[in-house]
Amino acid sequence: MEEIPDKSVHLAVTSPPYFNAPFDYKDLFENYDQYLDVLGNMAKESFRVLDEGRIFVLNIDDMLVNGDKFPIVADAIKIFQQAGFRYRDRLIWKKPDGYLRISRRSGVILQNPYPMYFYPDNLLESIIIFQKGKFDYKSISNEVREKSKVDTKEIQNNKWYMTLWEMNNVMPGSVLEKDIAAFPEQLPYRAIKLFSYVDETVLDPFAGSGTTMKIARQLGRNSIGIEIKKSLIPIIKKKAGFDGQKTLTPNDDTFEVVERPTGWIK
Ligand SMILES: C[S@@+](CC[C@H](N)C(=O)[O-])C[C@H]1O[C@@H](n2cnc3c(N)ncnc32)[C@H](O)[C@@H]1O
């Protein structure tokens, strides 16, 4: 993130790679400490680039690896606090019950209906809200405030006001998100509407398929995505609508790739 100037970002939304998730990121990190170091560096840099009073929305959850659960949520909260953030809220994302078809851990108790065979399936992830200091509401002009107004019906009809957000997960067979643990568009959609104003800049330090960038563009915000896998550039371009096809967005905005010679993974 060295390329990004101090205090130039107005919101960060991201989901880091799952720590050595058996399906998606098996053995990506040498050990848990290395994983926490990556989170720590990202938190420190995000604190630097975020403007005063602004929000970081972190989608993360504890991870089960070889039968042991790693307390990632608790550790991430501590890491973000150490980087200077205030811990503001924890929302729970509930996936639909049908998601359980993917994970069959709970079958153990059904096959062995006796004590000690209980291994629940996980339908939940956390969405943690951090803030850099306090926001100065007077710093936003009336015009920008009105242009960014959130529809109260949308908030009420979809129950955004609760700490439980029920959202569909991205289906495993989705083409653009193949082999990427993408989050649903609803997640950055809500975060961007609730925590940024039009024409501001949204950062995703683990861009993946570019879901945050796509929604930022749709909602009239700029975005910066950091991604270590070079092979995802065309995916991000396509998803965000920068692959040469006409999009619904009427503006003439541009897409720039800043390459770092080292650090890419094919
Ligand atoms: C969980 S995915 C993000 C998915 C994204 N939210 C989406 O909707 O497509 C995490 C991404 O972080 C990337 N990544 C892992 N380590 C990284 C690093 N050190 N710097 C930048 N990106 C990294 C992975 O390649 C992966 O694409």
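**Around the ligand**

Begin with the shell around the ligand, whose residues divide into 9 nonpolar, 4 polar and 2 charged; here Ala, Val, Leu, Ile, Met, Phe, Trp, Tyr, Cys and Pro count as nonpolar, Asp, Glu, Lys and Arg as charged, and the others, Gly among them, as polar. This is a predicted model, in which local features need pLDDT of at least 70 and side-chain atom pairs count only at pLDDT 80 or more, while totals for chains, interfaces and linings use all residues. Residues are numbered from 1 along each chain as its sequence is written.

Next, select strand β1, residues 9-14 (strands are DSSP runs of E, at least two residues, numbered from the N terminus). Of its 6 residues, 6 are buried, that is, each has 20 or more other C-beta atoms within 10 Å of its own, with C-beta atoms placed from the backbone.

Finish at T201, which lies in strand β8 and counts as partly exposed because it has 19 C-beta neighbours inside 10 Å. Leaving out residues up to four places away in sequence, T201 touches S8, V9, H10, R221, N222, S223 and I224, contact meaning C-beta atoms within 7 Å.

Definitions and conventions
Buried ≥ 20, exposed ≤ 12 C-beta atoms within 10 Å, placed from the backbone. Helix = DSSP H or I, 4+ residues; strand = E, 2+ residues; numbered from the N terminus. Contact = placed C-beta atoms within 7 Å.
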